[in-house]
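Biologist: I'm new to this. Could you walk me through reading a fold like this one?

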Amino acid sequence: MSQKQTVQINSAVADHGPSDRVEQVKARFLTYTPEVCPERARLITESYKETEALPMHLRRAKALEKVLAGMSIFIEDDELIVGNQCSKPRSTPIFPEFSCQWLEDELDRLAKRQADVFLISEETKAILRDEVFPYWAGKTNQEYATSLMTPEALDAQGAGVFTVGNYYFNGVGHISVDYKKVLEKGLEGIVAEADAAKASLDCADPEDMKKRQFLDAVIISNKAVIAFANRFADEAERLAAGADAARKAELLEVARICRKVPAQPAEGLQEALQSFWFVQLVIQIESNGHSISPMRMDQYLYPYYAADKENLGAEKVQELMDLLWIKMAGINKVRDENSTQAFGGYPMFQNIIVGGVDRHGEDATNELSLVMMQATANTALYAPSLSVRIHEGTPTLFWKKAAEVARLGLGMPAWYNDRVIVPALLSRGLSLEDARDYGIIGCVEPQVGGKTEGWHDAAFFSMSKVLELALNNGYDPMGKAQLGPQTGSVEDFKTFDDVVAAYQKQMEYFVKLLCHSDNAVDLAHAKNVPLPFLSGMVEDCIGRGKSVQEGGAIYNFTGPQGVGVANVGDSLAAIKKFCFDEQVVSLPELKAAMDKDFEGAEELRQMLVNRAPKYGNDDDYADEVAVMATDIYCAEVEKYRNPRKGIFQPGLYPVSANVPLGSVVAATPDGRKCGQPLADGVSPQGGFDVSGPTATVCSVAKLDHTVASNGTLLNQKFSPDSLAGEDGLQKLIAVTDTFFKRGGFHVQYNVVSRKVLEDAQANPDNYRGLVVRVAGYSAFFTVLDKSIQNDIISRTEQVA
Amino acid sequence: MNWTDKLYDFDALQKPDWEPKGLVFDVQRFAIHDGGGIRTNVFFKGCPLNCLWCQNPESIRWRQDISFVEQHCIQCRKCIAVCPVSAIKTDSCEERVTGIDKEKCILCGACFKTCYAGAINIIGRWLSVEDLVAMVNRDRDFYVASGGGITFSGGEPTGQPKFLLAALQAMQGLGLHTAVETCLHVPWEQLEPLLSHVDLLLTDIKHMDPERHGALTGVSNELILENFRNIAGLGIPVRVRIPLITGLNDDVANLQATADLIASCKNVQGVDVLPYNRLGISKCHQLGCDYALADVAPPSTESVEATADLFRSVADDVTVGGM
């Protein structure tokens, strides 16, 4: 029985562009270059030196307390929502307790590297070298995790079969806390809850003695955050003294709010946003995990909006939301150089999702859903990530707003399908109400917020490398070493099924090593880096007296990602067709050509590229093979359990790990050359999708997206002209709707930009499927004369 | 069934013995400017006109053609080895393959079969109605969701009337919206039986003056205009497409005469102004023929907008670039 009251949605509330204040704040934001800030590293090192005798929970809480009390704070001109992560905007703190050897090694390259550059002063370098690195040598979480791993697992990681680097070197992140509880009860409410739990403990029970440490840590850390907010109140009052009348009033209001929240329950929208922001911010100071995802903000902020909207007016609401969006974009973290390949572009993956059904299965769209989409359009930054949920009852005005934002070419929103995701989560043990209440963590990973430790980004696993090992009898042709079990040489394979059997055996071996490695890192986090502030906002950590790292959450998962769906599918399809069905080339001959990176065998390579069926073209021959190869990966992953009493669940997305994982895979039977990137997510290999978007989504929908419950990712390109006008919106909606009716999980749209066309001109093989769409005309972009391509490129600039 | 499958279905190169047969040079999924919504566009081979600006020059001949895309050629020279009539052209040093001598070529397909790089293509495949049904069924859900359907284009689809009729009947049997894009230079007796199976006609008015029309397209416009008025009499929905070619048909007098014609026909649902583009150049090069309008520039944005405005005075729904 629905408890939702029908509220009339006025779509005009979300028609407001950026205010002058928002434009100014954004313009200032864009002038900042990311820098390394040494404050956190210095403060936490001092704290750890002071607390060596204490249990880890208390050491973590005291460290946070010291950082929040000692770090620089500031309020910028025009800001209404305050709170900074570092001594300068867009700068990054350092988290030496997780790992720091890489930082020591790369310190002088941070400002010079290709991607995600961070400036670093000589003074900062000196602090890190003199005060920080010496203390942490031999004490980091990474070093502990390594000690738990077998040599075989380390070899497999070294060879690029999989990488657990994300959590190995960093915090876990990938969580959504119970923001609703913070807004409703305040942090004082959480302290009270922890106090009550402490009161019921038996002081002689050894288990309860451990719980007490955790609960004390929760209390210390929450009080530290309240004190942190009060520092901003002080600073606002200080600035107010010297400000003009208008700004003075704003600053005094900021001061009033920071004295009240997040300590106490929020009232009104600005208090709610400020309370949210302190929590969101401090989680990203306590630990360096990314993908701290606010998830269903349009739901838990709605009561505060509804109570305040008449008072504020739509323009002010939009301005506050836009300002919060820019604050979120200012969060940053520095990664090691290899990881910047997998996570390029300073991403923090703070994922906000709007729309979908509520806990009772009714449409949950409200005016804030639209305001939040407009905030993404107004700020036009790379963060926060915006997602939308689609279900049978999604209202037309929601569809249209989402499509309008999508065609701006920001790559947002990402679209999610309730029809697949709710059952997928049910199958993993969530209650129906919790499954309906899902949001998205990070890139594409679904979970219910506030009660899940999903470990969603547990690893990137190269399905393509596994196939390579199956074709090499377990020998790694790139690393020149026997890496996997001997599962037969290509000369031994008499049928296609023999090839698949070898792939299956290699898969079993390496997925086991993968899960072993993930569990090693998992155990290390529980021992070394529990997060008391975060844990206090995740059900049922206080009740169980355990941090999320120790299994305090209601739902626990580990989600490693398979990468190379299209490559493995296309490769096996080519082997099946040419080596077995048609026997035009023997498997040993094909393998010999691959060993030479197709040197002297370009004709064969062209045959593989142009005459083999390819995943992504709605061709059942190729698609069925891709589905089979992917199912083998998924079924293996599902067999394992993690230390938090949860299960492993597979996902199929790469972030940008398809590039580094591809760099260590030799030539493949799909005609891909040695070292080239693997395909992205469940998308077809670039250049092989020659049948248009409808064919692509039909192919992708054939995969079992319910089993890949840790998330799948489809990137679909559209040319700007195909999305023009009212009709263009309808086409985008129709493609999405049909994909979802057929069982798709996620899709996001990239509008083909001038940059893409120029890249297509330079690298035509990667863009064979790029169609020029003109009335009554059909041709691929890459076969046009250069002058005509230039015409189209210049025209695209005008349109976009 | 998929067009990509059919591309390398060598059996489809040979004229089949079944009826009705259709010679088709492309099937484009996700066509979005040819009749509304998401559509599949089937391009028929053969056209009675030979417009100077043709953007699909490979569509003109009523038989197969061969094309050579130099960018794709890997110079493996296998085509030279297999060609039974020595039709592969090379540069003066005989080092690089540069094209195909169409005078010598007998369209046997031997080079195409061996060209794994996809540089040589035989343009035109024989399709059955069953093939088409299998293709369009793939995208049926997209047509329904977007208000799209199937468009028969070309070339000139009515030039293969038996096949087109059977295809239209099959599509209507599937409940799909059908559009036919025709130049209307076709005997009324051939056109009329098709019309009851067409939900929307897309037709070009290229020039109102018979002589100019002849000079630009190779045929007079008398039959075209007569058919146009007959169709208006029958009340069949039509979108009129105006290819706007700089200096050739964009004078105000001609455009006004076209607008007057449209104003007199109540069945015209909309007008699409299609600014000249030079996309035909690349295809001409690939076919080894000359492009007549090499020096003509696309019309200016102002000129396109002025033309669209002119037609807005006679039609409610005017687009630039089609819908």
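Predicted model: local features only at pLDDT ≥ 70, side-chain atom pairs only at ≥ 80, totals over all residues.

Biologist: How do I read two rings together?

Modeller: You describe a pair of aromatic rings by the distance of the centres and the angle of the planes. Over all chains, the structure holds 25 aromatic pairs. Take A:W415 and A:Y749: they're edge-to-face, 6.3 Å centre to centre with 75 degrees between the planes.

Biologist: Which parts does the pair of A:W415 and A:Y749 tie together?

Modeller: A:W415 lies in strand β4 of chain A and A:Y749 in strand β15 of chain A, so the pair links parts 334 residues apart in sequence. Both residues are buried.

Biologist: Which aromatic cluster are they in?

Modeller: A:W415 and A:Y749 form one cluster with A:W399, A:F718 and B:F30.

Biologist: And how do I read a sheet?

Modeller: Strands of a sheet pair through backbone hydrogen bonds, either parallel or antiparallel. Here, three strands of chain A form an open sheet in the order β1-β8-β12, with mixed pairing. The edge strands are β1 and β12 of chain A, each pairing on one side only.

Biologist: How many bridges join β1(A) to β8 of chain A?

Modeller: Two, and these strands run antiparallel. For A:T163, the bridge partner in β8(A) is A:F460. Helix α21 of chain A lies across β8 and β12 of chain A, at about 35 degrees to β8(A).

Conventions:
Residues numbered from 1 in each chain as written. Chains lettered and ligands numbered in written order. Heavy atoms only, no water. Pairing = 2+ DSSP bridges. Helix = DSSP H or I, 4+ residues; strand = E, 2+ residues; numbered from the N terminus. Contact = heavy atoms within 4.5 Å. Axes fitted to C-alpha atoms, helices over the stretch in contact; angles between N-to-C directions. Phe/Tyr/Trp six-rings, centres within 6.5 Å; stacked < 30°, edge-to-face > 60°. Buried < 20%, exposed > 50% of the residue type's maximum accessible area, 1.4 Å probe, protein only.
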